[in-house]
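Open the model in your viewer and keep the sequence panel beside it. This tour tells you what to select at each stop and what you will find there.

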Amino acid sequence: MKDTVLQIENLTMQFGGVVAVDNFSMEINKGEIVALIGPNGAGKTTAFNAVTGVYQPTAGRITLLDENITGLRPDEVTLRGIARTFQNIRLFSSMTVFENVLTAHHLRRTAGLFSATFRLNKAEEKRMREDTDALLKKVDLYDLRDEMAVSLPYGKQRLLEIVRALATRPKLLLLDEPAAGMNPQETDELGEFIRRIRSEFDLTVFIIEHHMNLVMKISDRIYVIEFGKQIAEGTPEEIQNNQAVIDAYLGGGDEL
Amino acid sequence: MKKKLDLPHLITVLIIIAVYAGVFVMEQTMAPTSMIFTVLKKGATYALVAVSMNLLNGFTGIFSLGQAGFMLIGAYVFSIFTIPVDQRPIVYQYYNGGLIQFTMPFFLAMILGGLVAALFAFLIGLPVLRLKSDYLAIATLGFAEIIRTFFQWDKLGPITNGSNMLRLFPTFNDFNIRNANGEVVVYLSTLVPMIISGICIAIILLLINSTYGRAMRAIKDDEIAAEAMGIHLASHKQMAFCVSSFFAGVGGAMLAMYQTTVQAKSFTTAMTYEILLIVVIGGLGSVTGSVLASFLFVAASEWWLRFLDQKQYIGGHELPLMRNGFRLVVFSFIIMIVVLFFRQGIMGTKELPDLFRRKKTTEGGSAK
């Protein structure tokens, strides 16, 4: 069980004079839940965006299951098996819960524009709809199927965003602060949910999170970055007792 | 896409059938010069162009202002290929009868007009669709202006007749069925354009409700999220742009048939704005709204407000303000009120079947 799903080698992201991510390397093995933590502005989301193709890396190499995906477009990255959620929820606001998840099936279409318009792809369309309903039932969102996505309570919206990402059938799921704005109970449920989908959907999970309780509870390994550089890596216990991490979170070690 | 029609859709289908049947009966019984037929013909034409613009602006979120340009291409291609060969010396009198010496059936020429418009859209789309919002609007607007000038270019005269009028091609009146003496037996000059327009709009609706239509709506809602769901932005925008332009081209051909003459200088930016206005009044993201607004818009500008342009008397006193051009003042005023107080348009994002559904309490319309 030591197959590497995602490998980041010497990733550097530079915006003008600012180095947001500096020579950062990491790897995630199949079935792991790996967290990336660090103070605000440490470069966590930038690293995510480089992996998912939103940004072109200044330097470095990103490999998904032995395939080089450095510099691919976001839709190409998704097609190869990385799905993500966003720090600020980005659901399709004109669509229902059902349509949001259904839209995520579009990437596996085989029908062209013409045959889709003239309904020559009935079987495929039917399968997409059935898969969507099956997925919604599996994650207990079926009751909300026909609600507008943006009218859901906040916690459900976060959940729906994860489900929508699952509908692209990813091998690796990237969650960008999924617990942001959630109360402790919702956060607990989210932790359970992430563990559940990992086993049910045979996933590998890469998560950015600020809720330390959640991170410590669900992560197999944790990477810590500060100012774009890795300062620690290890199991939750190791990280909790790591002096560099404590310094980063409590403020500069020099003054101690 | 259930096999069985649910009640709201059934009512919608019945309404549409009733409208077509009503138009057919009216055409046989009323004087063909009645203003209502003018409104229906031009309204059907504008409805198609408005829906095609809505596909871009309302459903895909691409703010394009090139519609008049694509209509021009459709109108020109249609008329160039349908003028009867024996009439060409008259039409192309300054260009020795023109270069093209064959004609096509009107139906094929109409589709060709759409295809040429779509081809132009494809080529323009390659650079232009990389731009966002305002920049894209300016670029497409510029394109429409260039096309307008280009088609009037003297060197293209043997094909486009330069800045002269194209005429003597088939018009809506040719849809009427005549007997051997040339008397009209069955009037179809309003029904056929409405059917052509209806079929085209139905195709656009099918597209909107297909998996590609959902992808386009996703792009409108959130480009970043759409891309993260594996939707290739450039190719889907290009599809929407080409399909929209195809139907704008067909609409242009219909406009040519309605007007009976075509001249490049009449496809102005103002025409695009008229269409945009119809789309906004009807509701960005509602096909039903675009159709309703087209007929209302045409009826108001061509018919209901006409009396404002004439001198009116009440008890021998001439009313002030009523003179040529006052109609447009009132018209602009109405539009300002609509835009200020009814931002969602007539329909918002609702379609006709939605009106027959029981209101859901949980639905919260977004106030964008």
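Select α8 of chain B. Its buried residues pack against α4 (113-117) of chain A, and against α1 (7-29), α2 (35-60), α9, α11 (233-259) and α13 (287-304) of chain B. Helices here are DSSP runs of H or I with at least four residues, strands are runs of E with at least two, and both are numbered from the N terminus. This is a predicted model: local features need pLDDT of at least 70, side-chain atom pairs count only at pLDDT 80 or more, and totals for chains, interfaces and linings use all residues. Residues are numbered from 1 along each chain as its sequence is written, while chains are lettered from A and ligands numbered from 1 in the order in which they are written.

Stay on α8(B) and colour its buried residues. They are B:L191, B:P193, B:M194, B:I196, B:S197, B:C200, B:I201, B:I204, B:L207 and B:I208. A residue is buried if 20 or more other C-beta atoms lie within 10 Å of its own, exposed if 12 or fewer, and partly exposed in between, with C-beta atoms placed from the backbone. An α-helix has 3.6 residues a turn, so residues three or four places apart point the same way. Now check the length. α8(B) has 18 residues and reaches 25 Å from its first C-alpha to its last, close to the 26 Å expected at 1.5 Å a residue. That expected span is 1.5 Å times one less than the number of residues.

Next, pick B:L48. Leaving aside neighbours within four places in sequence, B:L48 is in contact with B:S197, B:C200, B:I201, B:F247, B:V250, B:G251 and B:M254. Contact means C-beta atoms, placed from the backbone, within 7 Å. With B:L48, they touch the most other members of the largest nonpolar core, which has 164 residues. Such a core is a set of buried Ala, Val, Leu, Ile, Met, Phe, Trp, Tyr and Cys residues joined through C-beta atoms within 7 Å.

Turn to where the chains meet. How many residues does each chain give to the contact? Chain B gives 28 and chain A gives 31. On the side of chain B, α8 (191-208), α9 (211-221) and α10 (223-228) each give two or more residues. The largest share, 7 residues, comes from α9(B).

Now jump to B:Y95. This residue is found in the loop between α4 (88-91) and α5 (106-128) of chain B. Is B:Y95 buried or partly exposed? It is partly exposed, with 19 other C-beta atoms within 10 Å. Beyond four places in sequence, B:Y95 touches B:G157, B:P158 and B:N161.

Zoom out to all of chain B. There are 14 helices and 6 strands. Buried residues make up 44% of its 368 residues.

Finish on chain A, which has 10 helices and 10 strands. Select its open sheet. Four strands run in the order β2-β1-β4-β5, and the pairing is antiparallel. β2 (18-29) and β5 (67-68) of chain A stand at the edges with a single partner strand each, so one side of each is left without a neighbour in the sheet. Strands count as paired if DSSP finds at least two bridges between them. β1 (4-15) of chain A pairs with β2(A) over 8 bridges.

Notes: Contact = placed C-beta atoms within 7 Å.
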